[in-house]
Amino acid sequence: MSKLSTERTKVAVIGGGAWGTALAMHCAQMGHDTLLWAREAEVVRDVNGERHENTTYLKGVKCPESLRATSDIDEAVRHGEMLLMVIPTPFVASTMALIADKLRPDQILVSCTKGILNDTLETVNQILTRVLPASFHRRLAFLSGPSFAAEVARGLPSVVTIASEDDAVARRAQALLSTPRFRCYTTNDVAGVELGGALKNVLAIACGISDGLGFGNNGRAALITRGLVEITRLAVALGAHPLTMGGLAGMGDLVLTCTGDLSRNRTVGLRIGRGEKLPEIIQSMTAVAEGVLTSRSAYNLSKKLNVECPIIEGIYKVIHEGVDPNQMVTEVMSRDLRSEVDPEVMEAARL
């Protein structure tokens, strides 16, 4: 059994939102020489300034003194032996295109972004393999799991998983990121880890709406459990292993995001359930709630693959078509009765 690594290296975090800042703080606290790239000048100024805090996205948590920030993405890429990419899904392609020809064969890139692109229905892995050189594809890894940014930044215990098609790359990222407060597991199921991380945000909105309407604990538990079935159906249809959906990137992240008060996606749902309109909710939020965009991607993906996902379809219709949530609950609960476990998922579990 391998022990925690004492190796320290240079880390560049690409993306200065709450999650990117939390990961940069984690790396700096570990002793890595860490540089945070942020597009926003005010983020760079505040992290490097006297307050040493990302007051825009992670207010109230002081950064380690050793953490530096830059607005020069080329500087960040030159700096890092390990790159952590933490960019909202719609901006992954354009941002990564800026550095595609600057990546080195000794670097690894760990995507910490969760989402599915609206127009092409690509996962982040598919976006990266389209944009980055083929020679770099085996240097990619994908981090996901139950991990609120504010708790990671404060050093509270968190456990995640890192997926890569190359076991050596996954183990390298695992060794460089694991501490007694931030434990990393590895897997080669990139599709499962990515889909679990992206789709759970849609179900978090559903749970928030349910809570906002006062539907109680039974309703929330049903949404989480049957929502996991729908995530698993979609993931298996795209080549993932169903056991991944019962792990950290699946059930773990799903439970956290659907029940935790720090969840932006659950907050959006709560406010919808209490009668607020989506445009006003989005305008009032500083950070991105990925589930709003992913709800459209998930719905279109289910139709493309001909996979039955009544909860995901219902959330799409509530968010994007203005259907009354109470009406949608009645429709979902009144469908034809059936067996609980899908034969397709059972067959995939045997493989």
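In which hand, right or left, does α8 pass α11? The crossing is right-handed. A crossing counts as right-handed if the near helix is turned clockwise from the far one by less than a right angle, and left-handed if anticlockwise. This is a predicted model, where local features need pLDDT of at least 70 and side-chain atom pairs pLDDT 80 or more, while totals for chains, interfaces and linings use all residues. Residues are numbered from 1 along each chain as its sequence is written, and side-chain values use heavy atoms, without hydrogens and water.

Start with the helix pair. Helix α8 covers residues 190–212 and helix α11 residues 264–273. Their axes lie 6 Å apart, at an angle of about 35°. Axes are lines fitted to C-alpha atoms over the stretch in contact, and angles run from 0 to 180 degrees between N-to-C directions. Helices (H or I, at least four residues) and strands (E, at least two) are DSSP runs, numbered from the N terminus. On α8, the contact residues include Ala204, Ile205 and Gly208; on α11, they include Arg266, Gly269 and Leu270. Contact means heavy atoms within 4.5 Å.

A pocket is an open set of points on a 1 Å grid over the protein atoms alone, with protein on both sides within 12 Å along at least five of seven lines; a cavity is a set where a 1.4 Å probe fits but cannot get out; lining residues have an atom within 4 Å of a point. The largest pocket has a volume of about 1,200 Å³. Volume is the space filled by probe spheres set on the points, which are joined across faces, edges and corners. Of its 44 lining residues, Ala18, Trp19, Arg264, Ala287 and Val288 lie nearest the centre.

Move to the second largest pocket, of about 720 Å³. Its lining has 27 residues, with Leu223, Ile311, Val332, Met333 and Arg335 closest to the centre. Helix α9 gives the most, with 6 residues. Helices α8, α14 and α15 each supply at least two.

The search finds 1 cavity of 30 Å³ or more. The lining includes Phe142, Leu143 and Ser144, along with Val193, Glu194 and Gly197.
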